[in-house]
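Please read them alongside the structure.

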Amino acid sequence: MSPNPHHHEAAGAETGELPAFAPRMRLLRRRSGLSLEAAARRAGLSPAHLSRLETGKRQPSLPLLLTLARVYGTTAGDLLGETSAASDPVVRGAEMEAVDAGGWRYRRAGQAGRALQALRVHVPRGPQGDLVRVHPGEEWLHVQRGRLRLTLGQTTEVLGSGDSAHFDSLTPHRLEAVSSDGVDLLFVHTLLQSPTADLCVGGLPGHGPGPAPTPL
(Lines give C-alpha, C1' and ligand atoms only; values in the text may rest on other atoms or scores of the structure.)
Protein backbone atom coordinates (compact mmCIF):
# COMPACT_ATOMS: atom_id res chain seq x y z
CA MET A 1 0.00 0.00 0.00
CA SER A 2 1.53 3.32 -1.00
CA PRO A 3 1.54 6.50 1.10
CA ASN A 4 -1.74 8.41 0.80
CA PRO A 5 -3.21 5.68 -1.44
CA HIS A 6 -6.39 7.66 -2.10
CA HIS A 7 -4.31 10.41 -3.69
CA HIS A 8 -2.32 8.35 -6.19
CA GLU A 9 -2.49 9.77 -9.72
CA ALA A 10 -3.64 7.50 -12.52
CA ALA A 11 -1.09 7.02 -15.28
CA GLY A 12 -3.71 7.62 -17.94
CA ALA A 13 -4.61 11.03 -16.54
CA GLU A 14 -1.40 12.53 -17.93
CA THR A 15 -1.62 10.89 -21.35
CA GLY A 16 -5.29 11.66 -21.92
CA GLU A 17 -6.14 7.96 -22.15
CA LEU A 18 -9.06 6.83 -19.99
CA PRO A 19 -7.98 3.89 -17.78
CA ALA A 20 -10.04 0.76 -18.43
CA PHE A 21 -11.26 0.57 -14.84
CA ALA A 22 -12.86 4.05 -14.87
CA PRO A 23 -15.97 3.41 -17.02
CA ARG A 24 -16.29 -0.04 -15.45
CA MET A 25 -16.51 1.48 -11.98
CA ARG A 26 -19.23 3.88 -13.12
CA LEU A 27 -21.18 1.09 -14.84
CA LEU A 28 -21.16 -1.18 -11.78
CA ARG A 29 -22.17 1.68 -9.50
CA ARG A 30 -25.16 2.44 -11.70
CA ARG A 31 -26.08 -1.25 -11.90
CA SER A 32 -26.13 -1.35 -8.10
CA GLY A 33 -28.72 1.45 -8.17
CA LEU A 34 -26.55 3.88 -6.21
CA SER A 35 -26.10 7.55 -6.94
CA LEU A 36 -22.59 8.98 -6.86
CA GLU A 37 -23.34 10.56 -3.49
CA ALA A 38 -24.78 7.38 -1.95
CA ALA A 39 -21.92 5.18 -3.18
CA ALA A 40 -19.33 7.67 -1.95
CA ARG A 41 -20.97 7.81 1.49
CA ARG A 42 -20.97 4.01 1.84
CA ALA A 43 -17.33 3.79 0.75
CA GLY A 44 -16.21 6.57 3.11
CA LEU A 45 -15.25 8.89 0.23
CA SER A 46 -16.29 12.33 -0.92
CA PRO A 47 -18.45 12.41 -4.09
CA ALA A 48 -15.70 14.43 -5.78
CA HIS A 49 -13.13 11.73 -4.99
CA LEU A 50 -15.34 8.96 -6.39
CA SER A 51 -16.01 11.08 -9.46
CA ARG A 52 -12.26 11.41 -10.05
CA LEU A 53 -11.94 7.62 -9.85
CA GLU A 54 -14.75 7.15 -12.37
CA THR A 55 -13.16 9.61 -14.78
CA GLY A 56 -9.67 8.11 -14.47
CA LYS A 57 -8.15 11.13 -12.71
CA ARG A 58 -7.26 9.03 -9.67
CA GLN A 59 -6.07 5.43 -9.38
CA PRO A 60 -7.72 3.31 -6.68
CA SER A 61 -5.67 1.47 -4.10
CA LEU A 62 -6.34 -2.23 -3.61
CA PRO A 63 -8.08 -1.70 -0.24
CA LEU A 64 -10.32 0.88 -1.89
CA LEU A 65 -11.10 -1.52 -4.75
CA LEU A 66 -12.13 -4.14 -2.19
CA THR A 67 -14.32 -1.59 -0.41
CA LEU A 68 -16.09 -0.49 -3.60
CA ALA A 69 -16.52 -4.14 -4.60
CA ARG A 70 -18.38 -4.80 -1.34
CA VAL A 71 -20.51 -1.69 -1.77
CA TYR A 72 -21.48 -2.73 -5.32
CA GLY A 73 -21.84 -6.43 -4.49
CA THR A 74 -19.08 -7.54 -6.86
CA THR A 75 -15.32 -8.22 -6.86
CA ALA A 76 -12.21 -6.10 -7.30
CA GLY A 77 -11.46 -8.08 -10.46
CA ASP A 78 -14.87 -7.26 -11.88
CA LEU A 79 -14.28 -3.56 -11.20
CA LEU A 80 -11.08 -3.81 -13.22
CA GLY A 81 -12.82 -5.66 -16.05
CA GLU A 82 -11.31 -9.09 -15.40
CA THR A 83 -13.32 -12.04 -16.71
CA SER A 84 -13.08 -15.76 -16.07
CA ALA A 85 -14.87 -18.96 -16.96
CA ALA A 86 -16.84 -19.65 -13.80
CA SER A 87 -17.32 -23.26 -14.83
CA ASP A 88 -13.56 -23.93 -14.65
CA PRO A 89 -12.45 -24.39 -11.02
CA VAL A 90 -8.73 -24.26 -11.91
CA VAL A 91 -6.90 -20.93 -11.95
CA ARG A 92 -3.59 -21.12 -13.81
CA GLY A 93 -1.06 -18.85 -12.15
CA ALA A 94 0.90 -18.30 -15.35
CA GLU A 95 -2.24 -17.00 -17.08
CA MET A 96 -3.12 -14.39 -14.43
CA GLU A 97 -1.90 -10.93 -15.42
CA ALA A 98 -0.63 -8.65 -12.68
CA VAL A 99 -2.73 -5.59 -11.86
CA ASP A 100 -1.19 -2.55 -10.15
CA ALA A 101 -3.47 -0.53 -7.89
CA GLY A 102 -2.29 2.17 -5.52
CA GLY A 103 1.22 0.75 -5.22
CA TRP A 104 0.09 -2.84 -4.60
CA ARG A 105 0.45 -5.52 -7.26
CA TYR A 106 -1.93 -8.43 -7.27
CA ARG A 107 -3.01 -11.44 -9.31
CA ARG A 108 -6.31 -13.22 -9.02
CA ALA A 109 -6.00 -16.64 -7.37
CA GLY A 110 -9.68 -17.66 -7.37
CA GLN A 111 -12.82 -17.38 -9.43
CA ALA A 112 -14.86 -14.20 -9.70
CA GLY A 113 -18.35 -14.09 -8.21
CA ARG A 114 -17.59 -16.43 -5.30
CA ALA A 115 -18.22 -15.83 -1.60
CA LEU A 116 -14.44 -15.95 -1.06
CA GLN A 117 -12.05 -13.77 -3.01
CA ALA A 118 -8.48 -15.05 -3.29
CA LEU A 119 -5.55 -12.92 -4.42
CA ARG A 120 -1.78 -13.14 -4.73
CA VAL A 121 -0.57 -9.78 -3.48
CA HIS A 122 2.75 -7.94 -3.46
CA VAL A 123 2.92 -5.16 -0.87
CA PRO A 124 5.86 -2.77 -1.44
CA ARG A 125 7.98 -1.38 1.36
CA GLY A 126 6.76 2.00 2.51
CA PRO A 127 4.79 3.82 5.19
CA GLN A 128 1.07 3.17 5.38
CA GLY A 129 0.07 6.55 6.71
CA ASP A 130 -3.10 6.32 8.81
CA LEU A 131 -5.01 3.91 6.58
CA VAL A 132 -6.96 1.39 8.67
CA ARG A 133 -9.32 -1.19 7.22
CA VAL A 134 -12.55 -2.20 9.00
CA HIS A 135 -15.32 -4.27 7.41
CA PRO A 136 -17.57 -7.25 8.16
CA GLY A 137 -16.22 -10.72 7.39
CA GLU A 138 -13.02 -12.66 7.77
CA GLU A 139 -9.55 -12.42 6.28
CA TRP A 140 -6.79 -14.98 5.94
CA LEU A 141 -3.31 -14.17 4.74
CA HIS A 142 -0.15 -16.21 4.30
CA VAL A 143 3.33 -14.77 3.86
CA GLN A 144 5.07 -16.42 0.93
CA ARG A 145 8.18 -14.25 0.91
CA GLY A 146 9.47 -11.39 3.03
CA ARG A 147 8.34 -9.98 6.36
CA LEU A 148 5.00 -8.32 7.10
CA ARG A 149 4.00 -6.05 9.98
CA LEU A 150 0.34 -6.77 10.79
CA THR A 151 -1.51 -4.51 13.22
CA LEU A 152 -4.77 -5.89 14.64
CA GLY A 153 -6.45 -3.43 16.96
CA GLN A 154 -3.81 -2.53 19.54
CA THR A 155 -1.58 -5.55 18.79
CA THR A 156 1.25 -5.62 16.27
CA GLU A 157 2.91 -8.79 15.01
CA VAL A 158 5.71 -9.35 12.49
CA LEU A 159 5.09 -12.34 10.22
CA GLY A 160 7.82 -14.08 8.24
CA SER A 161 7.81 -16.51 5.34
CA GLY A 162 5.47 -19.42 6.08
CA ASP A 163 3.48 -17.52 8.74
CA SER A 164 -0.27 -16.96 8.44
CA ALA A 165 -2.98 -14.90 10.11
CA HIS A 166 -6.75 -15.50 10.22
CA PHE A 167 -8.89 -12.82 11.82
CA ASP A 168 -12.25 -11.11 12.08
CA SER A 169 -11.99 -8.12 9.76
CA LEU A 170 -14.21 -5.99 12.01
CA THR A 171 -10.98 -5.66 13.98
CA PRO A 172 -9.19 -2.54 12.67
CA HIS A 173 -6.16 -3.76 10.75
CA ARG A 174 -3.16 -2.46 8.83
CA LEU A 175 -0.58 -4.21 6.65
CA GLU A 176 2.98 -2.97 6.09
CA ALA A 177 5.95 -4.64 4.41
CA VAL A 178 9.05 -4.80 6.61
CA SER A 179 11.37 -6.27 3.97
CA SER A 180 13.20 -3.74 1.80
CA ASP A 181 11.91 -5.40 -1.39
CA GLY A 182 8.35 -5.80 -0.12
CA VAL A 183 6.36 -8.87 0.85
CA ASP A 184 4.40 -11.45 -1.18
CA LEU A 185 1.13 -12.71 0.28
CA LEU A 186 -1.67 -15.12 -0.39
CA PHE A 187 -4.78 -13.22 0.64
CA VAL A 188 -8.34 -14.54 1.05
CA HIS A 189 -11.33 -12.58 2.29
CA THR A 190 -15.08 -13.03 2.46
CA LEU A 191 -17.06 -10.95 -0.01
CA LEU A 192 -20.05 -9.67 1.95
CA GLN A 193 -22.62 -7.62 0.05
CA SER A 194 -23.43 -5.12 2.74
CA PRO A 195 -23.86 -1.34 2.82
CA THR A 196 -21.95 -1.36 6.13
CA ALA A 197 -18.89 -2.98 4.58
CA ASP A 198 -16.94 0.26 4.48
CA LEU A 199 -13.26 1.15 4.59
CA CYS A 200 -12.59 3.33 7.61
CA VAL A 201 -9.78 5.80 7.10
CA GLY A 202 -8.46 7.99 9.88
CA GLY A 203 -6.08 10.93 9.67
CA LEU A 204 -7.01 12.07 6.15
CA PRO A 205 -9.10 15.21 5.63
CA GLY A 206 -12.73 14.32 5.04
CA HIS A 207 -12.18 10.61 5.72
CA GLY A 208 -13.08 10.06 9.35
CA PRO A 209 -13.99 6.56 10.46
CA GLY A 210 -17.68 7.35 10.95
CA PRO A 211 -19.99 4.98 12.82
CA ALA A 212 -18.81 1.46 13.50
CA PRO A 213 -20.17 -1.09 11.03
CA THR A 214 -22.88 -3.41 12.21
CA PRO A 215 -22.13 -7.16 11.99
CA LEU A 216 -24.44 -9.09 9.66
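1. Which residues are linked with Arg26 in a network of salt bridges? The network is made up of Arg26, Arg29 and Glu54. Bear in mind throughout that this is a predicted model. Two of these residues come up again below: Arg29 is among the buried residues of helix H2, and Glu54 of H4 takes part in the contact with H3.

2. Helix H2 covers residues 21-31, and its buried residues are Phe21, Ala22, Met25, Leu28 and Arg29. These residues lie on the same side of H2, because the arc they cover around the axis is only 135°. On the face turned away from that buried side, H2 carries the exposed residues Arg30 and Arg31.

3. What covers the buried residues of H2? The cover includes helix H3 (36-43), helix H4 (47-54), helix H5 (62-72) and helix H6 (76-79). After H2 comes Gly33, which has a positive phi near 80°.

4. In H3, the buried residues are Leu36, Ala38, Ala39, Ala40 and Ala43. They pack against H2, H4 and H5.

5. How do H3 and H4 lie relative to each other, roughly parallel or roughly perpendicular? Their axes cross at roughly 105° and come within 8 Å. A crossing angle of 65 to 115 degrees counts as roughly perpendicular, and H3 and H4 are therefore described that way. On the H3 side the contact is made by Leu36, Glu37, Ala39 and Ala40, and on the H4 side by Pro47, Leu50, Ser51 and Glu54. Sorted by class, the contact has 5 nonpolar, 1 polar and 2 charged residues.

6. The whole structure holds 5 salt bridges. Arg145 takes part in one with Asp181, where the closest N and O atoms are 3.0 Å apart. Arg145 belongs to strand S4 (residues 138-145), while Asp181 sits in the loop between strand S8 (173-177) and strand S9 (183-190), so that pair links distant parts of the chain, 36 residues apart. Both partners are partly exposed: the relative accessible area of Arg145 is 31%, and Asp181 has a relative accessibility of 46%.

7. Arg145 also forms a salt bridge with Asp184, with 2.9 Å between the closest N and O atoms. Asp184 is in strand S9 and Arg145 in strand S4, so this pair ties together parts that are 39 residues apart in sequence. Asp184 is partly exposed, with a relative accessible area of 21%; the cut-off for buried is under 20%.

8. Where in the chain are the partners Arg149 and Glu176? Arg149 is in strand S5 (residues 148-152) and Glu176 in strand S8, 27 residues apart. Their side chains meet in a salt bridge, at 3.6 Å from N to O. Arg149 is partly exposed, with a relative accessible area of 30%, whereas Glu176 is buried, at 18%.

Key: Residues are numbered from 1 along each chain as its sequence is written. This is a predicted model: local features need pLDDT of at least 70, side-chain atom pairs count only at pLDDT 80 or more; totals for chains, interfaces and linings use all residues. Side-chain values use heavy atoms; hydrogens and water are left out. Buried means under 20% relative accessible area, exposed over 50%, partly exposed in between (1.4 Å probe, protein chains only). Helices (H or I, at least four residues) and strands (E, at least two) are DSSP runs, numbered from the N terminus. The arc is that of the directions from the helix axis to the C-beta atoms. Contact means heavy atoms within 4.5 Å. Axes are lines fitted to C-alpha atoms, for helices over the stretch in contact, and angles run from 0 to 180 degrees between N-to-C directions. Angles under 35 degrees count as roughly parallel, over 145 as roughly antiparallel, 65 to 115 as roughly perpendicular and the rest as oblique. Ala, Val, Leu, Ile, Met, Phe, Trp, Tyr, Cys and Pro count as nonpolar, Asp, Glu, Lys and Arg as charged, and the others, Gly among them, as polar. A salt bridge is a side-chain nitrogen of Lys or Arg within 4 Å of a carboxyl oxygen of Asp or Glu.
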